[in-house]
Amino acid sequence: PQPEQFQREAQFLANLEHPHLVPVTDFFVEGDRHYLVMAYVPGQSLGQWLKTRGRPEVDQVLTWGLQLAEVLDYLHTRNPPILFRDLRPSNIMLDETGRIRLIDFGIARRYEPGQATATFLQGIGSAGYAPLAQYHGAGGTDPRSDIYSLVATLYHLLTGQIPPSPVELVSDESELLAPRLLNPKITPELERVVLKMMGLRKETRSPSMQATRQALQGVAEPGQVAADEATELRTLTGGIEIHSAPVAEHRAAAGSTLDQTDWPA
């Protein structure tokens, strides 16, 4: 972005206040590089957690998911709304108190319905977590893009496997395994929420992050929210082919066929 644009947008980020964000304390331009200065938060990313401690317990993932949905809803309800656009385990910090923090606004965008989204910095997202709309030529992003990335992140945390990219799913180069095949501790209700929110068509997901948070809350506290009627998984996922054969037959296919590097802009 131009220096003037960067200054406006960095100032906007600096005015955000939420317990699950890391405060932006300063910003500056050095040559052709733009920098945000953020408060230091001791802890580790969820990407580091996965590498050093392995797959978390389902209840822990749900707790984190609710915190993430809360802060993303906060961003989506600013004026103008902010789309985070690069949610993944390595961009989520677990601080020393056990609180989740978003730590990287590198490709966040200001969202204005009916208009092209304005970018804070350049980028497209990360393979395995970015929805189809964020790939070139696939249409614009909206708040439901962050819903996909949130639940793709939860899929990774719940199963220990990075989900295939939407491009691979559309082209039949890969398959999405039902989460319970990889982790039998996942409840059918949670699996249904995950697969619904990872639908290739954004119309199959919840209409808002608030509704997504309510769906996760309903799974975390099943006595508080009535379960939805049973629906075919293929319908829930907007056409993604879901395989449900024994895990042993599919574990190799579900291996880490994608790396976690950012796709080029």
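Buried here means under 20% relative accessible area, exposed over 50% and partly exposed in between, with a 1.4 Å probe and protein chains only. The model is a predicted one, so local features need pLDDT of at least 70 and side-chain atom pairs count only at pLDDT 80 or more, whereas totals for chains, interfaces and linings use all residues. Residues are numbered from 1 along each chain as its sequence is written, and side-chain values use heavy atoms, leaving out hydrogens and water.

Helices (H or I, at least four residues) and strands (E, at least two) are DSSP runs, numbered from the N terminus. Helix 8 covers residues 209-220, and its 12 residues reach 16 Å from first C-alpha to last, close to the 16 Å expected (1.5 Å times one less than the number of residues).

Pro 89 is buried, at a relative accessible area of 0%. Neighbours within four places in sequence aside, Pro 89 touches Ser 45, Leu 46, Gly 47, Leu 50, Tyr 129, Thr 153 and His 156. Thr 153 is 64 residues away in sequence, yet its C-alpha sits 6.4 Å from that of Pro 89.

Conventions. Contact means heavy atoms within 4.5 Å.
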